[in-house]
Amino acid sequence: MNEYTFPILFGVFVGVVTRLYLLKTDYRQYPTYLHGKIIHIALGFIAAGLGTIAVPAIMEKEFAAITFLALAASQFRDVRNMERNTLNELDQYELVPRGKTYIEGIAIVFEGRNYLVIFTSFISTLAYLVWNIWAGVIASIIGLLVARKFMSGSRLKDIVDIEYVEPHFKGAGLYVDNIYIMNIGLPARQKEILRYGMGFILKPKNFNARSTIANLGQRQAILHDVSTALGVYRDSGTPALVPLAKRDLDDGRVGIFILPQEKDIEKAKAIIGNVPTLENAIRMPTESEANKKGRKLR
Amino acid sequence: MTHEKLILAVITTNPNKIAGGAPIFTCGTREEMETIATNLEAILDGIAHALSDELLIVVKH
């Protein structure tokens, strides 16, 4: 026991609590219960330890010890690789795949959250050592709030208006509103699709949103999330029954065609609205210097 | 060589208009054409697309 024991224990504890807080399992069921979670709690513990130890190391003028943080960075990059590989493998067996963009987004989040844990542990231990335990508690609450702020990205409902439209056929072509989805040749299939299918139109609220929802990965994420939450009328060997999202080239609206097991318009709208906008899909054309001049983009 | 999309079969009631590499199934009636296309769709894991009233193709996507 020395003067650093309690601050270190405190910092590690706060770090692990932060990781647990950020590790909520929701409808996506990822990470899976227990085993998947244990991996991330263990890594969170390591991250918390690294963040905590950095403070006494500085105070003891052991500056070389800080290089450990570089080790941490490569360690957590591996976490991202691990998540990406696992999800990519599993994605082949999904009825409606997540898509690479969504997977990359999830993998980035797992890496990023470990750094948030390091940060929280670091400032908590620092505050404890410089002032007292109460300062440490306040610092850890601030750390948690910062972590929560970074954890929650924007949702689709922030950037698009969602409208329900009954899908219909023009000849063999399936349409949602005026957006062509696909060609279905067999009348029996067409009936099935009209019976189970639902159509939605996503109308971008601004020019930036238009590019974001045009991203194929973002569209696949929507289809995956809706199919997870409402079920999907589909099996292997029925490629005709596939949820699709297509774009109206004229105005950037996106037509979503889904085949849910539970046909509830309000629920489906809420679910589409809650789909995260993927970090890797967000584009900001209005931030371009060229676009700031002249005619305003809509 | 891998193909992104591939016509696996052609089902038609009018063989005069068809020629080429994919297997061609000629049928007498529209009903027969649809039955065969339904079976082929299930067997080949493809989607039956209608190009006209007398022509269906099964495509692997």
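Q: What makes up the contact, counted in residues from chain B and from chain A?
A: Chain B gives 13 residues to the contact and chain A gives nine residues, where two residues are in contact if their C-beta atoms, placed from the backbone, lie within 7 Å. On the side of chain B that touches chain A, α1 (30–44) and β3 (47–52) of chain B each supply at least two residues, and α1(B) gives the most, with five residues. The model is predicted, so local features need pLDDT of at least 70 and side-chain atom pairs count only at pLDDT 80 or more, while totals for chains, interfaces and linings use all residues. Residues are numbered from 1 along each chain as its sequence is written, and chains are lettered from A and ligands numbered from 1 in the order in which they are written.

Q: How do you know which classes of residue lie on the side of chain B that touches chain A?
A: Sorting by class gives six nonpolar, four polar and three charged residues on that side of chain B; here Ala, Val, Leu, Ile, Met, Phe, Trp, Tyr, Cys and Pro count as nonpolar, Asp, Glu, Lys and Arg as charged, and the others, Gly among them, as polar.

Q: Why is A270(A) called partly exposed?
A: A residue is buried if 20 or more other C-beta atoms lie within 10 Å of its own, exposed if 12 or fewer, and partly exposed in between. A270(A) has 13 C-beta neighbours inside 10 Å and therefore counts as partly exposed.

Q: Which residues of helix α7 in chain A are buried, and what do they pack against?
A: In helix α7 (residues 207–214) of chain A, the buried residues are A209(A), R210(A), T212(A) and I213(A). They pack against β1 (160–165), β5 (198–204), α8 (216–230) and β7 of chain A. Over the whole of chain A, buried residues make up 36% of the 298 residues.

Q: What makes β2 and β4 of chain A edge strands?
A: In chain A, three strands form an open sheet in the order β2-β3-β4, with antiparallel pairing. Both β2 (168–170) and β4 (179–183) of chain A pair on one side only, which makes them the edge strands. Two strands pair if DSSP finds at least two bridges between them, and β2(A) has three bridges to strand β3 (residues 173–176) of chain A, where L174(A) is the bridge partner of F169(A).

Q: How do you know that β6 and β7 of chain A are paired?
A: Four bridges join strand β6 (residues 244–247) to strand β7 (residues 254–258) of chain A, and the two run antiparallel.

Q: How many helices and strands does chain A have?
A: Chain A has ten helices and seven strands, counted as DSSP runs (helices H or I, at least four residues; strands E, at least two) numbered from the N terminus.

Q: Which residues of chain A does UniProt list under "transmembrane region", and how much helix is found over residues 6–22?
A: The unreviewed UniProt entry lists residues 6–22, 34–59 and 126–147 of chain A. Over residues 6–22 chain A is 100% helix and 0% strand, with the end C-alpha atoms 24 Å apart, while over residues 126–147 chain A is 91% helix and 0% strand, with the end C-alpha atoms 17 Å apart.

Definitions and conventions: UniProt positions renumbered as here; feature names shortened; annotations may be inferred.
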